[in-house]
Amino acid sequence: MTIRGLVLGVVLAAAARGAYAQTNGAIAGHVRQRDSALPIAGAQVGLDGRWLAQTDSAGFYRIREVRSGWHLVTMRAIGFETMQRDSVLVRAGQVSLVNFTVDVYTIDKPVVIEAFADSILDPALVATVQRISGEELRRFPVTTLEEAVSLSAGAVGESYRGGRLGQQAFVLDGLGVKNQLDASTGPLGVRIPPDILTEASLVTNGFSARYGQALSGLINVVTKDGGDRWSGRAAFESDRLLWGSADLGLDRAVASVDGPLGRSAGVVAVLDAEGRLDADPVSAPRPADPRDPRNDSPVLLPHNSGERYDAAAKLRVSLGGPQTLRLFALRSADQRLLYAPNYKYDEQWAPARRVTGDLLSAHLQRATNNLTADLRTGYFTRAFIRGTLAQQPSYRFGAVTGRAFHFVGEGVARAQDTLAARDPIAGLAPPDWSDRSPWGVPAFFLGAGSNGEIAWNRYRELRSQLDVSVGGPRGDVYFGGELSRQRVRTFQRVLGYLAVGDSVPPPTASDFSPTSAAAYVEAQARGEDFVLTLGLRYDQFDPGTSLPGTRVGARRTINPRFGFSTVLKGATVVVSWGRFSQAPDFQYLVDAAFDDTLRTGRFRRGNPNLGFEDATQYELSVRARPTPSTTLRVNVFNKLLDGLVASVPLGVDPDSTIFAQWDFGNVKGAEVIFDRPLAGGWGVRFAYTLQQATATATDAFQLLRRIRLDPAGDTIDPANVEFPLDYDRRHNLTVIAQGRVPDSAGPRLLRPFVGIEGAAIVRFSSGLPFTMTNATGDTLIGLPNSHRLPSQLAVDVLLRRPVRVGRWQGSVYMDVRNLLNRRNIEAVRRETGQPGVTASQLAAIAEDAYQAHPEPIPYESPRYRPFADTDGNGIVEERGELYPLFLAAARDYLQPLFAYGPPRMFRLGVELVF
Amino acid sequence: MSARIGSAILAVGLLAACAHDAPFRPRVDRPQGPYDPTPPVRLTRNPLGDRFPAWLADGTGILYSTDRADRFDHDRCLALLPAAGGAIERYICYQGGGSDDSVDAFESVAAGMNGALAFTHASAFIGFSWPIAPYFRSLVRLADGAAQVLLDVPYVAPSGRTHQALSHLAWLGADTLVYVGAQVAYPRPCAGCVDTLQWGIEIALLDLSGAVPVVSVVPGTGGASAVTVGAGDTIYYTLNGDSRVLRRALASGDTATVHDFGAAGIARDPSVRGRRLVAVVGGAVAFYVDTVLGPVQVDNGGVLHVVDLSTGGDSVPVNPADLYRRPALSPDGKHVAVEGVLGRATDIWLVPLP
């Protein structure tokens, strides 16, 4: 088939809509006679044993709302043999073409069935979608869904198209899941084990009016249904067999199973557990001083371990006819010890964190070819706590403790007892200068007590969602709505070892129950060579009356969306425009007490009257197939941001601030994506992004001040200046290459390599912006974020060799991240523009510390260090003996550990598939 | 089980059996013994002051009160040294409310058999060098990590006399403390004169067995300058301006002189283990009757004496020219931890006995 023919076929098939960011796709095609090419009208087409569609007078058929995954398509017509096409892959939001060509007179003659899917040239697909399948996740050197999605063009970690963290939404099997409490500063709380994935995709624009609560992107996940035969997978991967800097203390075990339960039900269950002795390894240079314990072991950081557990299960029950019920449960737990440089020598006082999430959902679907109704209900809860551990963890296997962390003051925090919390919290002691460092001097390093912080919050949401789609001959209509009842509870206390007083802010707590609701309608009309999509979405949220200071009533917004696509000279051109809104993080509605590293304040006043944050997006996309086996996509976009939350001064106190919605910005850019899927033993994908993201404030905690000049006695209040956002990555190139050594090819010498699969990911990106200040940190040099970090390069590789163990298939694999062990700089000091301080800064910092504690250190003091007592009189005293200790301590403390990215990391894995 | 499956299980087992490397651990380079082991052994070299040594009940460590030059509030904390010297193992400092706004002193520590500590706490406004006039004094018990204020000082004792300070704390069993109730005066400082005077007035007992601590005074101990405990309910004590060491059985009230240092001078600070007595005698001590304050004893240290109570033999195990205070015999009676007044500062010394 020629490209033109393919394009026309796609258009004339008038396929189902681009069901953007959902669980379903569609199957369409034609049934024709071989010799005459005449269409066969009235032929029945079935899917997985159910007859769902009939061909029209032109021989075309369409099956809508087909769940993502592998399907059996059957065609029958009077006078013809029934024909089947097995293993038709349908992907969410995509149309798979299945054409049947038969001879009208003789059933013995061969029939031709073509089956393929094409989201590139399908004009009905308006949204910009980059997808990765569960199988690719297994083949690529990625471990989590987040890592997989970050391979997409326009992604910088979990920031999409320059957006702030939290401006994305997560859709799991069609059900929206979002941490509405603190998405901008905290994780979602639940993680999808990759083994339960059918596919995941990142939708960065033009997504359906059915979805809201996102400004920058939509992560759409479709999970497996239980199959018709039992299968499973067990894998264990580790770096235990390695040594030195290659052993980072990693262990991961995965077990999954799926299969039928009787004739009408299926089940999938997955357990994914991982422990890491250093959950955030860095490739910082080895310190030169041999007395620094990191000199011997520069890679693994103490008190930096992490463990996570993700368990998911899904039950599908066919209720007869077109009704299907799906029940899904997911539980995630993630607990981390957090390395703190000031507690390097008294690590038991460093903070720790635990985040848990649970998701229970039910999905009742009634699907016919003309009308599909989905009723979904989900209960999502997320709990977060950070503070001082009541007891240090005891490792059982690697970094796995198997037990939940408990925190000092956890009871007070959970009870939100702000009265009791005004007193010192039992179990917390004030920190003091550590005497356990190699340098001994009372500076930089702390011990005896923690920083006294306890932060806890819990977010619960019960969401119900109804989606209806009605199909017609020339178009489809979609409508529905959702209602979400939430409950937010927060507690924060700082300096908990002291009673609340002049220098200790009071504890903050909140307990309120917002309600969110939405409704949408969307229509898609298909012409001869174009598809027009129009949508309208209504959103509202109401913080409720239990929040002090809130105004009465809900905040409302209406967002229209528009998409037009057509085929021009072999390429599909899509123009889309839409307004998008999301409620602000609920954490900004309440007071926030925190101790930020920028020292911009330890308190922000909450603003319960905040409204929606908005974005207006324009996009032009061109999609083409340069050759039948390759695709090319070019997207150009412009996104206007408005009403984003920022901190603004309140009153004359320089540290008195309140959350407000004065921030606005703009993201514009272009993406080029070239793809050659794996075929003939190799495949490759290039994704390049050119982007500029600017705004007036880069996150909600950043103080947004207007520059006030007073050259002649008058105050001048210039217009707000936009500057690059934190995730403004100008250039980003990702290349993914895959290959497989054929079973039969190659000389005898290569036989041991037969069947080996490999995948490599090369990422090159220009540096992110940062702000420079003068040496004291109180004056900016240039505008905020007007300087750039160095570029970054990373090469990840995964090699897998299939093996057979008895009747079982399996494989052994090696996954290497940052193969070149490149030392990428991820952050720098604001006053130097370098990861570390300068020699003169170091001397000044050491001098200040010495001047604060010039007292002699007697022999019996735990601070006494024999090597420093150069005159051997039993006392370390005077500048000559003391200052070198302060200098060494400063050099130790100021090591720029987290300025560097991860080092080279290995995983050796064994996998059994049964 | 086929050989292949066995091999696979073995491979996974080997993979899991290997141990991970561990993160780095601090290596603290601290002295393990005294600076100079030549007797008498100087255990501390604090340029400020170390005072009031007391042994742990099991003899493994020495508690004392130390001025912390490294704290900006210059608190006087308790410190725990290994019995053989070396680096301080633990500090106990005041960390309650307002600790950064005051100068706090923990002194006169006594360690009980059950690990409980008793000590005095005095507090003064920050800005003073160590308290000229503390605005707050108390007697504190620290047991199982919890501190409890037993007494607020001053208080009026059952004898009708006001105890303005406490000294020479000692545990008499698990539930009773014995100490010297003292008087304090603050003459106007002048060149070469002391600014704080504290002298004993009587011996008191504090019964902790009930819900509320109960103070009683040991009859006939008026003018006591120091006290220590012996076996059973026996206490040994000295009197202001007196060269004798007295013994009293609390239950019977029997009192006897166990040793009289006679011309050697005023005896004070006794410590008894078995048949061995140590005390400070003579030296820089003065006893006089002040026209306003009455009988006052000022002690700037004296000569360390060791007496064999079986024979009455008296010896001086150190240079008689050196001045010491507050000797404390180790539980095995073979060492004396003592406050040496040598030079401007006082330090803790360890004197081995034959």
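**A walk through a predicted two-chain model**

Asp173(A) lies in the loop between strands E12 and E13 of chain A. The phi angle of Asp173(A) is near 50°, which is a positive value in a residue other than glycine. Is Asp173(A) buried or exposed? Asp173(A) has 25 other C-beta atoms within 10 Å, and a residue is counted as buried at 20 or more, so Asp173(A) is buried.

Strand E12 of chain A, residues 168-172, and E13(A) run in the antiparallel sense and share 3 bridges. In general, the strands of a sheet pair through backbone hydrogen bonds, either parallel or antiparallel.

E12 and E13 belong to a sheet of 5 strands in chain A. The sheet is open, its order is E9-E14-E15-E12-E13, and its pairing is mixed. Which strands stand at the edges? They are strand E9 (129-133) and strand E13 (175-177) of chain A. Each has a single partner strand, so one side of each is left without a neighbour in the sheet. On average, neighbouring strands of this sheet are turned by 20° against each other, direction ignored.

Leu495(A) sits in the loop between strand E26 (475-493) and strand E27 (508-512) of chain A. Leu495(A) is not a glycine, yet its phi is positive, near 50°. Leu495(A) counts as buried because it has 21 C-beta neighbours inside 10 Å.

Now take chain A as a whole. Chain A contains 6 helices and 49 strands. Its length is 914 residues, of which 50% count as buried. Among its contacts between residues at least 6 apart in sequence, 69% join residues at least 24 apart.

One of the helices of chain A is H6, which covers residues 878-893. H6(A) has 16 residues and reaches 22 Å from its first C-alpha to its last, close to the 22 Å expected at 1.5 Å a residue. Which residues of H6(A) are buried? They are Leu882(A), Leu885(A), Phe886(A), Ala888(A), Ala889(A), Ala890(A), Arg891(A) and Asp892(A). The cover over the buried residues of H6(A) includes helix H5 (839-852) and strand E48 (875-876) of chain A.

The largest nonpolar core has 140 residues. The residues with the most contacts inside this core are Phe886(A), Ala889(A), Ala54(B), Val109(B), Val178(B) and Val227(B). H6(A) gives the most to this core, with 6 residues. Apart from this core lies another, of 74 residues, with Ile196(A), Leu641(A), Phe659(A) and Ala697(A) among them. For a view of the surroundings of one core residue, take Val109(B). Leaving aside residues up to four places away in sequence, Val109(B) touches Phe52(B), Ala54(B), Leu63(B), Ser65(B), Leu78(B), Leu117(B) and Phe119(B).

The contact between the chains comes next. How many residues does each chain bring to the contact? Chain A brings 42 residues and chain B brings 32 residues. On the side of chain A that touches chain B, the elements that give two or more residues are strand E16 (231-238) and strand E49 (905-913) of chain A. The residues on this side of chain A comprise 25 nonpolar, 8 polar and 9 charged.

Chain B has an open sheet of its own, with 4 strands in the order E1-E28-E27-E26 and antiparallel pairing. Strand E1 (41-42) and strand E26 (323-329) of chain B are at the edges with a single partner strand each, so one side of each has no neighbour in the sheet. E1(B) pairs with strand E28 of chain B, residues 346-352, in the antiparallel sense over 2 bridges. Arg42(B) has Trp349(B) as its bridge partner in E28(B).

Two cis peptide bonds in chain B complete the tour. The bond from Pro39(B) to Pro40(B) is cis, with omega near -10°, and Pro40(B) lies in the loop between helix H1 (3-17) and E1 of chain B. Val153(B) and Pro154(B) are also joined by a cis bond, with omega about 10°. Pro154(B) is in the loop between strand E9 (146-153) and strand E10 (155-156) of chain B.

Technical notes
Residues are numbered from 1 along each chain as its sequence is written. Chains are lettered from A and ligands numbered from 1 in the order in which they are written. This is a predicted model: local features need pLDDT of at least 70, side-chain atom pairs count only at pLDDT 80 or more; totals for chains, interfaces and linings use all residues. Two strands pair if DSSP finds at least two bridges between them. Axes are lines fitted to C-alpha atoms, for helices over the stretch in contact, and angles run from 0 to 180 degrees between N-to-C directions. Two residues are in contact if their C-beta atoms, placed from the backbone, lie within 7 Å. Ala, Val, Leu, Ile, Met, Phe, Trp, Tyr, Cys and Pro count as nonpolar, Asp, Glu, Lys and Arg as charged, and the others, Gly among them, as polar. A residue is buried if 20 or more other C-beta atoms lie within 10 Å of its own, exposed if 12 or fewer, and partly exposed in between; C-beta atoms are placed from the backbone. The expected span of a helix is 1.5 Å times one less than its number of residues. A nonpolar core is a set of buried Ala, Val, Leu, Ile, Met, Phe, Trp, Tyr and Cys residues joined through C-beta atoms within 7 Å.
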